[in-house]
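Please read the following briefing alongside the sequence and the model.

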Amino acid sequence: MIRYLLRRLLYAIPILLGVNLLTFCLFFMVNTPDDIARMHLGIKHVNHAAILNWEHSHGYDLPLFYNRHETHWQALTDTLFVHKSLSMFTLHFGLSDDGRDIAREIRQRAGPSLSIALPAFIIGLGTNISLALMLVWMRASLADRVGVIIAVALMSVSGLFYIIGGQFVIAHLWRWVPISGFVPGVDSWRFVLLPIAISVVAGIGNGMRWYRSIFLEEIGKDYVRTARAKGLDESRILFRHVLKNGMIPILTGAVTVLPLLFMGSLLTESFFGIPGLGSYVVDAIQSQDFAVVRAMVFIGSALYLIGLWLTDIAYGWVDPRVRLS
Amino acid sequence: MLRLFFLVLMLLLTGCHQSVWNDPYPAAESGSNTLYLAFQERPKHLDPAIAYSTDAYEIIGQIVEPPLQYDYLKRPYTLIPLTLRNMPDIQYLDATGKPLVNNAPVAAIAQSIYTLHLTPGIFYQPHPAFARNRFGQYTYWPLTTSAWRQLNRWQDFTHHGTQELTAADYVYAIKRLASPQTNCPILGIMSDNIVGMKQLAAKLAHDHPHPGNDEFIDLDHYTLSGVRQIDRYTLQIRLYGKYPQFSYWLAMPFFAPIPRAVDAFYHQPGMSAHNFTLDWHPVGTGPYQLTLMNPNWRMVLSRNPNFHHERYPNTGSTDDAAKGLLRDAGKPLPFIDNIVFSLEKETIPYWNKFLQGYYDYSAISTDNFNQAIATGIKGNPHVTPALRNQGITLSTSTLPVVSYIAFNMHDSTVGGNSIRARRLRQAISIAVNYEEFITIFLNGRGIPAQSPIPPGIFGYDDTPADIDPVTYHLVDGHIERRPITDARRLLAEAGYPNGRDSQTGAPLVLYYDNTFTGPNAKAYVDWMVSQLARLNIQLISRSSDFNRFEDKIRHGTTQIFVDGWNADYPDPENFLALFYGPNSKLSSGGENDANYHNPAYDALFEQMKNMDNTPQRFAIIQQMVKILQQDAPWMFGYFPRQYVLRQAWIGPTKPMPIANNTIKYIHLNPALREQERTRWNRPVVWPLAAIAGILPLAGLSMWRIKRRRDERTAS
């Protein structure tokens, strides 16, 4: 298993390299170093000398991939791609183009993002599984059909509606919690309560329907019939046997997204004024801050690979029949 | 389970202080003399030598003090000393260095000398850069590796000091504008005007080709020939020729003082890696200091304990007195202890929190306009009854901004000085109905422009006699846009009768370059297309991102494009320079993005730009405006009007869009705010009771279903 995992780890290197290359190409296809300089200097009164100076002082005056003024390896290494993109592999993220330390910024923003994403994920998972089991337990009844209709209705509503509606009713009309904002520490619960509740509710439709279909598939299998023949009651079958066997696809989906929770949610954080990572990349793209974009894409793709890696481990853990080799 | 219940209950009780559950601020701030504002995007820079945006100026305008400022109450906008004892002494010299009289002809003036006399006794905010030990050495400069072990957060700098503001600080700050480490956006302009600036910039760039963020470039080792310290409180700035607008630059944060100690403090190894930079922790002598800097969440300004040198203005107009604006005359500034800027990216939560009393001011988005503003019989705006009942009041002002649509004068169809092209531009200018645009898209918040000079700026003339005769005419003494038939006539004169080329018969197709995005983008474009469709002109929108759009303007490949200009300073030169030939974007990279060139206009501009605001200058400006109206390189568009709502507990304030340091004049009544917030935010508890009732019922139903199923399975 360790050899397998190490092999997967090595596979990650060319993937990350490819992601890096793609990000670099996409970014510089849209933005030239001149554009980046203008974005940072502003558009008023800025002359060409100021742009050259900015590019020079921020290291954007190098050619993209090949430096014809250099010889040997330096023609390839003294380039924007190597200086700005490949340096990510040393995990040194450096400074953003507006001069802020990126690693420090990520550390500062990760906490607030996780304070919403993690509880919303755990509570959402528990709620969706419970509701799905309840529907399966009442399968083929009126309650099941109503439940499915409600789930489809919930799925059809835009996420933005939940946020605006939730803020309006809970925070504006009923005035139970602040509409938006954040404070660090214990008192943060007042600010994260509503976004967590909204995230959970917004995810119920999708999650409940998906888990219901998983459990329905399980409940038709032979081992369930055998359990019933042995005289086990329905709730015991569901919670002891169906749930356990249905956990494989659930875990696969859940573990993959687990590391990405750290990246936060753009919409939720924007509306609730949460100083998280959700808007960091989008803000960076808007302000053409390549230093932040490359770092966040690198971290995002690395986390995704870690998620897949953890899923592999989880497979073996949940289902002893699976052997990693 | 019971423990968990009590834990949750305890959390609820501690969190929901007083009778209000939705207060987004810490309980400790309750009743404090704090102003609550919001920001939508984090400011890019707070270093006064780099910052050049409204959102950044809202912060640093309260922290740093350039030599001059605008009189808060006087109109038209008037400069007054801020850290100076009096206005700068200006002396003109001829080419041989001999002094000239003040009214010497501009051509004779080779250099101008501005002498600035500082007020003694002004001190900087407490700051670690000024902290010294008992031997007189700086505590935090230079920092050793072992010292860094105790310094991780800004609060870890426990020692603070101060020092008196001196002329050397201004000299140092002006030199910083030339530093390659600073990347000052106005270096180009200042190099053209301050003697020796260009040479200093070249020398610094040569000596420090790749300055790192942590490298300290000691600017005291460099000479800037045009700027020198005369004594502790006096400095002189020498300019090329006559440049009266320089006084306005002296009121901008670019000219705020930076002591050498501060520069040295921030440029030490390890500083930028900890985000300890001047760009995020500005230092100044102003009424406030930045005590919390988290641009992703909250920025807090607190009263600078060392600020004692300014009082509320004693004089104002009778209108000011009637509005209560002279009630605080002579009182020491500032009135408010803290200013909290909270990140609020979306307008909906921002607006709802304003209605709950958690923000003291609010702008009005289009979505909330009808909820906030009603229009009176005479067309005057006022707040709706619901807001009036909350004591919310409205203040309006016209911004020193012009939003326009320009013709690229290098374009073969709409550009050039031929009669044909001019008639075409004039026809289009009549057809694009800005009155309609302002009504549809701005809820009436704009004034249709007759010229590029906004109200409040010298040269603006709103008398009926001075209307744009090409686009407007007088009907019963009222200014009205010319009818579309006039536009069709001009179009025919241009050789496009009914929108077709008279020679080829081909339909006239024009291209509209813009950067419209978002939900209103299509509506903007459709509206513009419909305006030209009235002339049977086919307009094709070429929307692009900001980079491509700017690129097209730089390379002169646009045809008709939308743009705007925000005044740097309240002088007509700042607006009329946008048409000055040598400023053409295409040929010189200047700000004349229409690439307009008219020798008669240029000659008048050169004459006008260095004049004082005299009737002669006004007459020249009128001539220039007449030329522009006839040549029509722009559709002049509109001047935006700013509507701001303020809560009942905020004292009277006067809109001052050109200045950025006006928070010091605001006062508020924290007791009234506390009382109103409590009254407006009592929680509605019946839904909680309903939920508490429904949950056990649901549980009971489930239990009954389970029992029934079990019984059915057993039987």
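Strand S16 (residues 401–407) of chain B pairs in the antiparallel sense with strand S22 (residues 560–566) of chain B over 7 bridges, where strands are DSSP runs (E, at least two residues), helices are DSSP runs (H or I, at least four residues), both are numbered from the N terminus, and two strands count as paired if DSSP finds at least two bridges between them. This is a predicted model, in which local features need pLDDT of at least 70 and side-chain atom pairs count only at pLDDT 80 or more, while totals for chains, interfaces and linings use all residues. Residues are numbered from 1 along each chain as its sequence is written, and chains are lettered from A and ligands numbered from 1 in the order in which they are written.

- Because 6 of its 7 residues are buried, S16(B) is largely enclosed by the rest of the structure; a residue is buried if 20 or more other C-beta atoms, placed from the backbone, lie within 10 Å of its own, exposed if 12 or fewer, and partly exposed in between.

**A four-stranded sheet in chain B**
- An open sheet of 4 strands with mixed pairing has the order S1-S11-S10-S9 in chain B.
- Strand S1 (34–39) and strand S9 (288–294) of chain B are at the edges with a single partner strand each, so one side of each has no neighbour in the sheet.
- S9(B) runs antiparallel to strand S10 (residues 298–303) of chain B, to which 6 bridges join it, and Met293(B) has Met299(B) as its bridge partner in S10(B).

**Chain B as a whole**
- Chain B contains 23 helices and 23 strands, and its C-alpha trace spans about 95 × 80 × 55 Å along its principal axes.
- Of the 715 residues in chain B, 42% are buried.
- An automatic or database domain assignment divides chain B into domain 1 (2–19 + 686–714), domain 2 (51–274) and domain 3 (401–642).
- The centres of domain 2 and domain 3 of chain B, taken over C-alpha atoms, are 38 Å apart, and the contact between these domains takes 9 residues from domain 2 and 8 residues from domain 3, where two residues are in contact if their C-beta atoms, placed from the backbone, lie within 7 Å.

**Helix packing in chain A**
- The axes of helix H2 (residues 33–41) and helix H3 (residues 48–57) of chain A come within 9 Å and cross at roughly 105 degrees, the axes being lines fitted to C-alpha atoms over the stretch in contact, with angles running from 0 to 180 degrees between N-to-C directions.
- H2(A) and H3(A) are therefore roughly perpendicular to each other, a description that covers 65 to 115 degrees, whereas under 35 counts as roughly parallel, over 145 as roughly antiparallel and the rest as oblique.
- Residues of H2(A) including Ala37(A) and Leu41(A) meet residues of H3(A), among them Ile51(A) and Trp54(A).

**Contact between the chains**
- In chain A, 51 residues are in contact with 53 residues of chain B.
- H3(A) gives the largest share of the side of chain A that touches chain B, 6 residues.
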